[in-house]
Amino acid sequence: MMNNMRIGWLADKQDGIVGGAELSTMALRRAAPDGIEIVLMQPGRVAYADAYIVSNCKTYDMNIVKHLQHKPVIKVVRDLWIAGDPFLRQWLLANSDLCVFTSRFHRENFTFKVDSPVAFCPPPVDLERFKRPQTNLASRSGVIWLGQMTNPHKGVAEAVAWARENQTRVDFYGDGWCNQHISGRWAKYLGWADYDKVPTLLASYEKFLFLPRWPEPCGRTVIEAWAAGCELIVNDKVGAMEWIVQEPNELTNAENRFWRIVGDALNAVPAA
């Protein structure tokens, strides 16, 4: 059923900051199997397809259901899905042929009712890209915080408090209004880090700090820091630790896992 298939891919357009959802979406689209045509469909431009994959969709509304309702639908759930059209969220959680969560921790902390079948897949990360710089650096030092600073649930304020309480300098890299929390002797804001430079940057630090305020389903930066050899300082709200501790081998080829899950779901859908 996956041969010669046109898949409509629905995903919010990035708003200037390329985050984990956008990086994951790009990686999964690039890894589509032979015979799959991926067609990006922005809000207002959803059209015919043999099946649909819906990623983050806060900019879409119920108008898309007229296209989706008679075709196989895979919903990729990347966060706690608080924003967006609540009626569309309810429809997708009830009517998708599969909802793919980033971890079991993610599903356990998801507060909305899910009536669709569920599968689990971590975000796709090129682990070798992050492991490689380790051999080029003789020593590490310091503590790094790295990520988006556009929402307080990412734990910037909590990380600043940790630095102060432990009297340990923490270097913060990222962009967003939450950088206003970074002040004092122990917290240093060093601006935005270009993603191409992140592997080498992480490999230069001894420890990676991440203390989210809300459950973080499966943040890519935690996986990247782990691959780069950093000691992880995290709390109990970090879903990525589920894969790192229990199934680290599954992190090596998340793209294949994703498309295998999608293929199984589509093959299980009765022919129209």
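Buried means under 20% relative accessible area, exposed means over 50%, and partly exposed lies in between, with a 1.4 Å probe and protein chains only. At 7% relative accessibility, W81 counts as buried. The structure is a predicted model, where local features need pLDDT of at least 70, side-chain atom pairs count only at pLDDT 80 or more, and totals for chains, interfaces and linings use all residues. Residues are numbered from 1 along each chain as its sequence is written, and side-chain values use heavy atoms, with hydrogens and water left out.

- Helices (H or I, at least four residues) and strands (E, at least two) are DSSP runs, numbered from the N terminus.
- W81 sits in the loop between strand 4 and helix 3.
- Its phi is near 55°, a positive value in a residue other than glycine.
- Q167 lies in the loop between helix 6 and strand 8 (170-173).
- Phi of Q167 is near 45°, again positive in a residue other than glycine.
- Q167 counts as exposed, at 57% relative accessibility.
- Most residues other than glycine have a negative phi.

**Nonpolar cores**

- A nonpolar core is a set of buried Ala, Val, Leu, Ile, Met, Phe, Trp, Tyr and Cys residues joined through side-chain atoms within 4.5 Å.
- The largest nonpolar core has 65 residues, of which L10, L68, L92, F172, L202 and F208 touch the most other members.
- Helix 6 (residues 156-166) gives the largest share of this core, five residues.
- A second, separate core has 22 residues, including A32, V100, I261 and L266.
- Contact means heavy atoms within 4.5 Å.
- Leaving out residues up to four places away in sequence, L10 touches M41, V46, Y52, I53, V54, S55, N56, Y60, I64 and L68.
- In soluble globular proteins, nonpolar side chains tend to be buried together.

**Helix 3**

- Helix 3 covers residues 86-95, and its L88, R89, W91, L92 and L93 are buried.
- These buried residues pack against strand 3 (51-54), helix 2 (65-68), strand 4 (73-76) and strand 5.
- At the start of helix 3, a side-chain oxygen of D85 reaches to within 2.8 Å of the backbone nitrogen of F87.

**The cavity**

- On a 1 Å grid over the protein atoms alone, a cavity is a set of points where a 1.4 Å probe fits but cannot get out; a pocket is an open set with protein on both sides within 12 Å along at least five of seven lines; lining residues have an atom within 4 Å of a point.
- Grid points are joined across faces, edges and corners, and a volume is the space filled by probe spheres set on the points.
- The count comes to one cavity of 30 Å³ or more.
- The largest cavity has a volume of about 70 Å³.
- Its lining includes L28, V76, R78, T102, C121 and F258.
- Strand 5 (98-101) and helix 10 (254-267) are the elements that give two or more residues to this lining.
- The lining divides into ten nonpolar residues, one polar and one charged.
- Ala, Val, Leu, Ile, Met, Phe, Trp, Tyr, Cys and Pro count as nonpolar, Asp, Glu, Lys and Arg as charged, and the others, Gly among them, as polar.

- T102 lies in the loop between strand 5 and helix 4 (104-108).
- T102 is buried, with a relative accessible area of 8%.
- A polar contact is a pair of N or O atoms within 3.5 Å; within protein, one must be able to donate a hydrogen and the other to accept it, and residues adjacent in sequence count only if both atoms are side-chain atoms.
- Neighbours within four places in sequence aside, T102 is in contact with V77, R78, C121, P122, P217, C218 and W243.
- T25 is found in helix 1 and counts as buried at 6% relative accessibility.
- The side chains of T25 and R78 are joined by a polar contact of 3.5 Å.

**The second largest pocket**

- This pocket has a volume of about 200 Å³.
- Among its lining residues are L23, M26, D126, Y195 and E255.
- Helix 1 gives the largest share of the lining, four residues.
- By class, the lining has seven nonpolar, no polar and five charged residues.
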